[in-house]
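Here is a short briefing on one structure.

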Amino acid sequence: MKLPTKMKALIKKEAKPGIWLEEVSVPKPPYGWALIKIKKTAICGTDLHIYKWDEWSQRNIKTPMVVGHEFMGEIVEINGGGNGFKVGDKVTAEGHVVCGQCQNCRCERQHLCPNTKGIGVSMQGIFAEYAIVPVYNLWKCDPSISDDLYSIFDPFGNAVHTALSFPVVAKNVLVTGAGPIGIMAAAVAKFAGAKNVVLTNTSDWRLELSKKVCPGVLTINTKTHNIEDLMKKHGIDNGFDVGLEMSGAQSGLNLLVKNMMMGGSVALLGLFGEGATIDWDKVIFGALNIKGIYGREMFSTWQQMDSLLRAGMNLDPIITDRLHYTEFQKGFELMESKKCGKVILSWD
Ligand SMILES: [Zn+2]
Ligand SMILES: [Zn+2]
């Protein structure tokens with residue numbers, strides 16, 4: 001197949017709000033990398049930060065850059081050994097590119113590589129007709145799982161990594177924050193055998209969505225309802241065994257720390273920005289075990305994702321909007337409105 005030399009891509013062209021649809025050169029894969037024909041991509045909260053050009057993006061993003069990191073597609077070229085992958089394979093990929101040389105990388109802890117680069121953040125992204133990815137990062141798509149779901153494996157992986165950081169079977173689990181990753185984390189904890197999973201948010205729209213993704217999860221709008229009442233009703237008398245902080249809001253963290261059981265375990269994924277605080281007395285006297293979560297484990301989290309979906313976990317309702325890439329503007333507006341789950345752009 002003859003490959004084109006030019007392609008359409010969504011680019012952060014200038015250091016100001018917005019994203020631009022432009023024609024650029026098709027990238028050439030360096031040795032050890034593959035060229036992918038992109039089929040589906042998903043818009044992440046990170047992309048929205050870059051779109052809005054907030055303070056974080058101004059510090060971290062160099063323009064011009066193709067944005068995006070959540071995708072699935074088909075391999076069209078491999079430079080060097082395929083390591084089990086071949087042209088024509090349907091793939092998605094881990095979005096963190098690690099160095100392979102540092103102490104953590106050499107000890108099977110690649111997700112903790114201090115030299116990590118992010119696709120579509122600190123290197124060219126995948127919101128384009130073609131993109132290059134290291135062969136090491138590729139993950140083969142199983143035919144039993146849909147293309148749409150594979151395009152959200154990156155955030156689903158954040159959810160799985162967080163939700164399965166501590167044993168949840170027969171435990172009471174509190175998830176603060178019902179963004180798409182919070183909803184998916186609640187669904188994973190429930191599917192994996194938690195006794196009660198309580199999911200909080202301060203707006204009803206996403207709690208309604210969560211009822212479709214994880215019907216067995218207890219939801220509460222903490223602006224209008226009291227969590228203590230809900231806990232009492234469901235026999236959660238001594239607090240939660242496991243807490244997953246997915247909101248990145250000070251109020252979410254406070255609520256979580258306050259309602260943990262003594263000796264409980266807390267996983268933190270939500271990003272707080274500067275100046276967030278924690279009640280250390282509650283951590284110390286409550287003997288809490290706290291873990292920060294970054295990315296996905298390579299590649300045990302990926303195996304868990306395939307496994308959960310093959311075992312029948314229904315994640316489809318988290319995808320609420322499907323658009324063509326030329327409608328990207330509408331996609332970003334939806335993301336900004338927060339009246340959506342995952343928004344998928346197709347590149348066919
Ligand atoms: Zn993402
Ligand atoms: Zn490393």
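Two strands pair if DSSP finds at least two bridges between them. Helices (H or I, at least four residues) and strands (E, at least two) are DSSP runs, numbered from the N terminus. This is a predicted model: local features need pLDDT of at least 70, side-chain atom pairs count only at pLDDT 80 or more, and totals for chains, interfaces and linings use all residues. Residues are numbered from 1 along each chain as its sequence is written, while chains are lettered from A and ligands numbered from 1 in the order in which they are written.

**Parallel strands**
- Strands β15 (residues 260-268) and β16 (residues 289-292) run parallel and are joined by four bridges.
- In this pair, V266 stands opposite I290 of β16.
- With helix α10 (residues 280-285), β15 and β16 form a right-handed β-α-β unit. Right-handed means that, with the strands pointing away from the viewer, the path from the first strand over the helix to the second runs clockwise.

**Antiparallel sheet**
- Three strands form an open sheet in the order β2-β1-β4, with antiparallel pairing.
- β2 (20-25) and β4 (65-66) are the edge strands, each pairing on one side only.
- Two bridges link β1 (residues 6-12) to β4, and I11 stands opposite V66 in β4.

**Helix α11**
- Helix α11 (residues 300-310) buries T301, W302, Q304, M305, L308 and L309. Buried means 20 or more other C-beta atoms within 10 Å of the residue's own, exposed 12 or fewer, partly exposed in between, with C-beta atoms placed from the backbone.
- Seen down the axis of α11, these buried residues fall within an arc of 160 degrees, so they line one face of the helix. The arc is that of the directions from the helix axis to the C-beta atoms.
- Q303, S307 and R310 are exposed on the face turned away from the buried side of α11.
- Just after α11, G312 has a positive phi of about 110 degrees.
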